[in-house]
Amino acid sequence: MFKCKTVWNKLARASSTLCLQNARKSVLRHGRRLEMMQKAQMSSGPTGGGGENTLYYVLVGATCLGGGIYTYRTVSGDKERYNERMIEIASRPKQRPQAAEAVARIVAKPKEEAIAKAPTLEPEESAVTEPSVEEPTVSEPVVEEPVTEPTVEALSSELVLESPEPDTAEVKQSEEPIAPVVESAEPTPVPMAEHVPEIPPDSDSAVTAEPASADVPLEPTAAHSDVPEHAPYLLIGGGTAAFAAARSIRARDPGARVLIVTEESDLPYMRPPLSKELWFSDDPKVTETLRFKQWNGKERSIYFQPASFYISPVDLAKVENGGVAVLTGRKVVHMDVRGNKIKLSDGAEISYDKCLIATGGVPRNLQVIDRAGEDVKNRTTLFRKIEDFRSLEKISREVKSITIIGGGFLGSELACAIGRRSANLDLEVIQLFPEKGNMGKVLPEYLSNWTTEKVKKEGVNVITDAVVKNVNYKNGKLEIKLKDGRQVTTDHIVAAVGLESSVELAKSAGLEVDSDFGGYRVNAELQARSNIWVAGDAACFYDIKLGRRRVEHHDHAVVSGRLAGENMTGANKPYWHQSMFWSDLGPDVGYEAIGIVDSSLPTVGVFAEATAKDTPKAATEQSGTGIRSESETEEVAEAVKSGAAAPPNQKEEDYGKGVIFYLRDKVVVGIVLWNVFNRMPIARKIIKDGEEHADLNEVAKLFNIHED
């Protein structure tokens, strides 16, 4: 017992000493005594706050509530858009009443379910989640008319469907259901009846129905009655390319329904006679009949087909075997490539399965004329359409002087045409251009100078090396001042300085425009998108031999339009055709050309003495038509018997007839047949082969220019 107590005292004393020493070391090491730390607590606010977690819970709750509201509104919006689409289908004029009632029942079902579920929400939450919508009433219909009380299906959000009453005067007039009223907090498209002005589907403002004034007459129901709702084949543009495409589509698909929409008021017609044969007609009513005599004496109309060839646009969907309809005086202002529909300038919309853009181009004007006053613009003609021909023909009989600015194809043709009749009209015809001779950008200089002398013999005062500085109207005359100080006084100006491709639909359709050549860029099948093709002047295509190009000639419009029509019906053919063009400076001088004809390229010309049959008039008599591209399409050149060698003592500057070769890297890329006709298939084959020729005189023999 004593021993245990002694041991215990020793151990206790040692333990106390050790603890004291450790405590002292800790104080010396840290300089302070150890303190008890409080237990850590989580807090989103400042330390010591009693309600620091309240703000955290509020933020989390608000986030969850916001997510729920967003989800609810998104799902509700999807249902509303679906219902509106069904209502739009039901409100179409051709929809039967039974179909409309079925759609109404489909729309009403989810709305009734929404009404049943709405009271289950808390008052505070419903104030947040439910959009503020006024209860629709029957007292505010679309049209203020004395009608009996309509049947209304009141829905919780926005739709009011008004059933037409049989005794309503307006309904009897239009035989159409009244358009549904849409009152919504979100912008939605409204399907309107034909007598209600159309609202674009992409409107950014909320749609509200305002009652029409009783004393303001409604728009007639026939405002868009001539516009079909759908066209399987839609062709935008009413020129040569569009008509060629329509004819090609019908040839491959005899039951096809084709709709041509053109901004002009005329049916499809050919443009070349506007600057050629029509001016040589002896008929005083030629501006009305638009009939002309070709160089061979045969008479024909400028229109491709008479009005009886086409069907009415409203009958397009009804005709059993289909047909071609033309909607004139309408411009396409918007193109929805995703929705496969277009919008016209009057607000009407047309859906399509396949579409061709053949909008051609618009005449280019001089900047100095654009900047001039209205007096100058009103006395300037940009020559392109039938109405331009009618206007200029009338002006040529009323004024004393006409000045044509431009020395290309159109300017030279008009100068010769108007110049030939100037003697009988006591009319002065002036032509001025910056080149050294007529068609100086196309023909080699020696041939351009020879052509200029020919134009002068037609009674034209040709002014070369003329660059217009400004144009003013003074003392009843137009004063054209040139950069070299010369001045020309005239009564009227015709600007023939080129063409700008019409690509106004590129932005809305999302189509690519070529920055170098202009026009819509298309692939080898003339396709811009999966169901959109482009042809004619507006198409910038890739030539497998000559690279990317854009051509502004009649034959190209014919061939490209025809190929586009074939590809729209599933042909999938590439465009390999080398189009030709021609120009006639009266009945005695004319030429045909193919490929790249640029006077800046090296040229080789082989000429021979012309005979009586080497004129445009003789060529027309042989082919039977003055529109030579109708006979020169995709013919294949056959073996031609070579003519005799060129006469050794040929007179200088006797360019009666001949062949001009345009070279690039010693390869023929262009050919002009000067007063040589019906040989275009041979020229086309030479360019297609793309071979170097050591002696082009031997190649010229293929055209038989030396035969008697």
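Is histidine 556 buried or exposed? Let's start there. Histidine 556 is buried, with a relative accessible area of 0%. Buried here means under 20%, so a value of 0% puts histidine 556 in that class. One caution before I go on: this is a predicted model.

Where does this histidine sit? Histidine 556 lies in helix 15, which covers residues 554–568. Leave aside residues up to four places away in sequence, and histidine 556 touches Gly536, Phe541, Val551, Gly561, Tyr575 and Ser579.

Now the whole chain. The protein chain has 708 residues, and 44% of them count as buried. Its secondary structure comes to 18 helices and 30 strands. Take contacts between residues at least 6 apart in sequence: 67% of those join residues at least 24 apart.

Helix 6 runs over residues 240–252, 13 residues in total. From first C-alpha to last, helix 6 reaches 19 Å, close to the 18 Å expected at 1.5 Å a residue. Its buried residues are Thr240, Ala241, Ala242, Phe243, Ala244, Ala245, Ala246, Ser248 and Ile249. What covers them? The cover includes strand 3 (230–236), strand 4 (257–261), strand 7 (323–327), strand 10 (349–357) and helix 15.

So how do the two helices meet? In general, two packed helices are described by the angle between their axes and the distance between the axes. For helix 6 and helix 15, the angle is about 35° and the axes are 7 Å apart. The crossing of helix 6 and helix 15 is right-handed. On the helix 6 side, the contact residues are Thr240, Ala241, Ala244, Ala245, Ser248, Ile249 and Arg252. They meet His554, Ala557, Val558, Gly561, Arg562, Gly565, Glu566 and Met568 in helix 15. Note Gly561: this residue of helix 15 meets helix 6, and Gly561 also touches histidine 556.

Three strands form an open sheet in the order 21-24-25, with mixed pairing. Strand 21 (520–521) and strand 25 (547–549) are the edge strands, each pairing on one side only. Strand 24 covers residues 539–543, and it pairs with strand 21 in the parallel sense over two bridges. Which residue of strand 24 does arginine 521 stand opposite? Arginine 521 faces cysteine 540.

Back to the opening residue, then. Histidine 556 is buried, and Phe541 is among the residues that it touches.

Conventions. Residues are numbered from 1 along each chain as its sequence is written. This is a predicted model: local features need pLDDT of at least 70, side-chain atom pairs count only at pLDDT 80 or more; totals for chains, interfaces and linings use all residues. Side-chain values use heavy atoms; hydrogens and water are left out. Two strands pair if DSSP finds at least two bridges between them. Helices (H or I, at least four residues) and strands (E, at least two) are DSSP runs, numbered from the N terminus. Buried means under 20% relative accessible area, exposed over 50%, partly exposed in between (1.4 Å probe, protein chains only). Contact means heavy atoms within 4.5 Å. The expected span of a helix is 1.5 Å times one less than its number of residues. Axes are lines fitted to C-alpha atoms, for helices over the stretch in contact, and angles run from 0 to 180 degrees between N-to-C directions. A crossing is left-handed if the near helix is turned anticlockwise from the far one by less than a right angle, and right-handed if clockwise.
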